[in-house]
Amino acid sequence: EELVDSLVQCSLRQILDNGFFHADPHAGNMLATRDGRLCYLDFGMMGYASEEQRNGFLLAVVHMVNRDWNSLVVLYQKLGFIPMSEDATLIEEALEKALPDVLNADVSELNFKNVINKLGDVFYTFPFSLPPFYISIIRCLGVLEGLAIQVDPKFRIISDAYPYIASRLLTDSQPDMQEALKRLALTNEGELRWDRLESLLEEAQSSAGYDVADAIDKLSDYLLRDEADALTQQLSEQVVELVDTLGNDTIEYILNIFRVGISGDERSLVLALRALQTQLATATGAASRSSDSNQQMNDLMPEIPETLQRAGRIIALLTGGIETDEKSIAIYVQKYLPIFRKIANEPKFRKLGTEISAKLVDRLLSRTIRRTLGVNGNGRTTSSAA
């Protein structure tokens with residue numbers, strides 16, 4: 001299994017990183033060395049894909065997952081698969097009829113063989129002209145999946161490749177990759193697909209070379225764009241709702257975090273984020289609930305909506321590597337200092353932090369006044385409500 005995984009990961013990096021790859025990686029063209037490494041043989045069948053072509057391959061997968069047939073046809077035209085003069089509507093309808101039975105909601109669940117078989121029917125019906133790079137990629141991935149299935153009958157090439165794909169989407173600054181991430185993680189209305197983002201962050205962790213700092217940097221870059229204003233506003237409202245759900249103490253704590261962030265005290269911010277992660281993990285059920293004190297606290301906590309629970313898990317994925325010992329904090333600050341400074345110094349983020357703080361203060365005061373006067377959420381006093 002380790003050799004098969006090495007073979008798949010190596011071939012994926014050949015295809016998607018370098019663009020020059022072994023197009024016939026069957027068992028007869030492989031050797032396992034005595035020290036456990038993998039050795040490729042027979043380089044008579046090699047493939048080459050330009051940066052645009054290999055990025056287009058990933059975009060095609062994203063369009064299939066989103067069932068965005070119009071964008072898929074436009075991409076095929078851009079890559080030269082079909083003439084620009086061809087009626088795109090008929091091809092879109094054919095793709096929609098052919099693929100629903102083999103596509104699932106998550107890219108990691110795609111059955112590569114079934115997808116290719118269904119696509120083949122469409123390719124033969126319409127005037128598709130498949131370039132050599134595409135045929136080579138399909139052959140390579142098909143051979144890899146066939147070889148791996150001999151070891152594990154449940155093996156899926158896209159599922160095994162998903163951590164690497166997730167890592168690329170989260171950390172690659174190329175416009176095509178950023179577009180692919182946006183299409184996968186956002187709806188057409190620009191709203192965040194929390195389940196997709198959580199899945200990407202979780203899967204990317206198991207990819208060799210993945211750095212969550214790069215992911216945070218790229219995500220913050222996107223939030224700085226004008227096109228992300230609606231999403232930024234949506235996220236700020238959900239932060240306020242999450243904190244308000246958790247109560248007064250957490251509101252005050254979050255306010256302190258924003259103050260620390262604006263002040264530029266990176267070390268204190270690291271400690272604050274770690275403590276916030278622990279609170280969210282406990283509140284959302286991600287932390288251990290074995291102790292009586294934890295259980296009693298959880299019993300007193302209001303029920304948190306699934307969307308807000310997922311937000312807590314995402315924060316944990318983004319900050320899970322923070323430790324509280326001095327050495328770890330020093331390493332973390334050195335690594336994340338540029339990102340913290342960028343976020344703290346950007347006018348848009350500073351304004352956003354101020355707006356969130358103002359909303360939290362307003363809710364804190366409102367909640368305190370209601371409690372002081374004995375008024376419930378409907379504006380009635382506790383005694384009259386009784």
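Biologist: How many cavities of 30 Å³ or more does a search of the whole structure find?

Modeller: The general idea is that rolling a probe the size of a water molecule over the atoms shows where empty space is left. In this structure, which is a predicted model, the search finds seven cavities of 30 Å³ or more.

Biologist: How much space lies in the second largest cavity?

Modeller: The second largest cavity holds about 120 Å³ of space. Twelve residues line this cavity, and those closest to its centre are Phe57, Val61, Met64, Phe112 and Val115.

Biologist: Let us turn to helix packing. At what angle do helix H3 and helix H4 pack?

Modeller: Two packed helices are described by the angle between their axes and the distance between the axes. Helix H3 (residues 69-78) packs against helix H4 (residues 88-98) at about 120 degrees, and their axes are 9 Å apart. That angle makes H3 oblique to H4, and the crossing of the two helices is right-handed.

Biologist: Which residues make the contact of H3 and H4?

Modeller: From H3 come Trp69, Asn70, Leu72, Val73 and Gln77, while H4 contributes Ala88, Ile91, Glu92, Leu95 and Glu96. This contact of H3 with H4 has six nonpolar, two polar and two charged residues.

Biologist: How do the axes of helix H1 and helix H7 cross?

Modeller: The axes of helix H1 (residues 2-18) and helix H7 (residues 157-171) cross at roughly 50 degrees and come within 10 Å. H1 is therefore oblique to H7, and the crossing is right-handed. On the H1 side are Asp5, Val8, Gln9, Leu12, Arg13, Leu16 and Asp17, which meet Ile157, Asp160, Ala161, Tyr164 and Arg168 of H7. The contact of H1 with H7 comprises six nonpolar, one polar and five charged residues.

Biologist: Finally, where is Asp42 found?

Modeller: Asp42 lies in the loop between strand E3 (38-40) and strand E4 (46-48). Although Asp42 is not a glycine, its phi is positive, at about 55 degrees.

Conventions
Residues numbered from 1 in each chain as written. Predicted model: local features only at pLDDT ≥ 70, side-chain atom pairs only at ≥ 80, totals over all residues. Heavy atoms only, no water. Axes fitted to C-alpha atoms, helices over the stretch in contact; angles between N-to-C directions. Helix = DSSP H or I, 4+ residues; strand = E, 2+ residues; numbered from the N terminus. Parallel < 35°, antiparallel > 145°, perpendicular 65-115°, else oblique. Left-handed = near helix turned anticlockwise from the far one by under 90°. Contact = heavy atoms within 4.5 Å. Nonpolar A, V, L, I, M, F, W, Y, C, P; charged D, E, K, R; others polar. 1 Å grid on protein atoms, 1.4 Å probe; cavity = no way out; pocket = protein on both sides within 12 Å on 5 of 7 lines; lining within 4 Å. Points joined across faces, edges and corners; volume = space filled by probe spheres on them.
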